[in-house]
Amino acid sequence: MILLNKIIQAKRMIAGFVDKTPFAYSSKLSALCNANIFLKEENLQRTGAYKIRGAYNKISNLSEEERKRGVVAASAGNHAQGVAISAREFNAKAVIVMPESTPLLKIAGTKSLGAEVILSGNNFDEAYEFATKYAKKHQMSFIHPFNDEYVMAGQGTIGLEMLDEIADLDMVVIPVGGGGLASGISSCVKQVNPDIKVICVGAKGAPAMHDSYKAKKVINSKSVRTIADGIAVRDASEKTLPNLMECVDEFVQVDDEEIATAILFLLEAQKIVVEGAGASGVAALMHGKVKHKKGAKIGVVLSGGNIDVQMLSIIIEKGLIKSARKMIIQVTLIDKPGALLGLTDAIKEANANIVKIDYDRFSTELEYGDASIIITLETKGKDHQEIVASKLSENGFEFKQIF
């Protein structure tokens with residue numbers, strides 16, 4: 001457990017540099033989950049994630065000599081930017097080692113804050129191994145993203161801010177990768193009010209901390225695969241695990257489909273952009289992974305908002321298809337003047353909007369004189385899609401629904 005006085009000291013240390021983010025009531029999520037849900041919007045934090053809290057607190061506690069030699073960190077992105085901007089504040093050199101698969105947004109963001117970026121490894125743990133060797137070789141201070149008491153205390157300041165605004169919370173829901181955020185917040189919450197339930201949420205594709213918590217011993221994963229890159233940690237932490245076992249009441253998991261649904265919900269319903277890790281707590285609530293009393297006051301940490309725009313585009317596209325707001329059909333027509341007009345008239349009768357048409361007359365699968373049409377439509381749900389199908393059939397068109 002991280003002592004409360006260390007978290008309070010961290011709060012004083014980071015004051016004036018780190019933003020106090022909104023802790024906002026979500027009426028739509030509350031109605032959906034039959035509870036009173038408040039979102040701690042660390043996606044609006046400087047650099048777009050909570051990591052700046054722990055990074056700044058750690059660097060501020062280094063000696064002048066240590067800061068002169070510079071700092072090194074390994075990160076998939078958010079810790080990187082937190083270390084970079086904090087080091088810049090203290091005029092210290094920062095070298096950040098990132099996995100080769102890190103989204104361009106996070107690489108560019110880190111460089112823009114004055115840090116040197118080195119890409120190494122396929123995941124965080126491989127980048128971490130390179131970074132620790134680099135720090136030792138160059139006699140620089142290594143800033144661990146979670147295995148450090150100053151870092152954990154810095155992250156714990158989120159708990160203080162939440163309780164300052166709503167002292168009678170019944171539950172807090174926290175995303176978990178390496179466990180630094182959860183260690184800090186859960187330590188804070190349990191020392192202020194032991195009756196508040198603490199729920200951790202991990203990604204199924206990165207199960208190390210979840211499995212270790214359940215087994216009460218360190219169990220590492222062979223590999224990780226999840227859209228929640230901020231919590232995609234392969235190896236469980238021996239330092240944070242005891243904190244979680246002491247302060248966390250329950251540890252649940254969500255899969256990528258559930259995370260994607262939560263990202264889209266927050267974007268549409270809350271007008272909030274979050275990354276996969278940031279949406280994991282909301283995903284757990286939306287999909288019934290967290291048991292709570294009716295009307296319970298629940299604080300959910302949205303840990304970050306640095307999502308790659310290409311990933312966001314994929315999530316939106318898949319979400320539209322899944323919710324029957326987009327329909328893709330394939331129709332074979334006789335390739336003659338006016339054939340396409342008859343098809344579009346049938347679609348017009350169904351009051352569907354065409355957003356894309358692909359016309360192919362050269363496929364070897366077609367009979368001579370035929371053409372294959374793939375049409376993407378905007379629809380208003382499953383009932384509307386059934387009307388579209390009915391109108392096409394009534395007008396004599398044979399079709400296959402691709403999505």
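Predicted model: local features only at pLDDT ≥ 70, side-chain atom pairs only at ≥ 80, totals over all residues.
1. Basis. Residues are numbered from 1 along each chain as its sequence is written, and side-chain values use heavy atoms, with hydrogens and water left out.

2. Overall fold. The chain has 16 helices and 14 strands, these being DSSP runs numbered from the N terminus (H or I of at least four residues for helices, E of at least two for strands). Its C-alpha trace spans about 80 × 50 × 40 Å along the principal axes. Of the 403 residues, 56% are buried, where buried is under 20% relative accessible area, exposed is over 50% and partly exposed lies in between (1.4 Å probe, protein chains only). Among the contacts with a separation of 6 or more, 72% join residues 24 or more positions apart, a contact being heavy atoms within 4.5 Å.

3. Nonpolar cores. A nonpolar core is taken as a set of buried Ala, Val, Leu, Ile, Met, Phe, Trp, Tyr and Cys residues joined through side-chain atoms within 4.5 Å. The largest one holds 38 residues, and Ile-37, Leu-39 and Ile-298 touch the most other members. Helix H12 (residues 256–269) gives the most to this core, with 7 residues. Apart from this core lies another, of 27 residues, which includes Phe-23, Leu-163, Ile-166 and Met-209. Beyond its neighbours within four places in sequence, Ile-298 is in contact with Ala-35, Asn-36, Ile-37, Phe-38, Leu-169, Met-171, Val-173, Leu-285 and His-292.

4. Helices H3 and H8. Helix H3 (residues 51–60) packs with helix H8 (residues 149–165) at an angle of about 130°, the axes being 7 Å apart; axes are lines fitted to C-alpha atoms, for helices over the stretch in contact, and angles run from 0 to 180 degrees between N-to-C directions. H3 is therefore oblique to H8, given that angles under 35 degrees count as roughly parallel, over 145 as roughly antiparallel, 65 to 115 as roughly perpendicular and the rest as oblique. On the H3 side, Lys-51, Arg-53, Gly-54, Asn-57 and Lys-58 meet residues of H8 that include Tyr-150, Val-151, Gln-155, Ile-158 and Glu-161.

5. Helix H10. In helix H10 (residues 208–215), the buried residues are Ala-208, Met-209, His-210, Ser-212 and Tyr-213, and the buried residues of H10 pack against helix H11 (241–247) and strand E9 (250–254). Lys-216 follows H10 and has a positive phi, near 60°.

6. Gln-81. This residue is found in helix H5 (residues 78–89), and Gln-81 counts as buried because its relative accessibility is 7%. Leaving out residues up to four places away in sequence, Gln-81 touches Thr-47, Lys-106, Gly-109, Thr-110, Leu-113 and Asn-306.

7. Two loop residues with positive phi. Most residues other than glycine have a negative phi. Lys-271, in the loop between H12 and helix H13 (276–286), has a positive phi near 60°, and Lys-271 is exposed, with a relative accessible area of 65%. Ala-324, in the loop between helix H14 (309–322) and strand E11 (326–334), likewise has a positive phi near 60°, but Ala-324 counts as buried at 4% relative accessibility.
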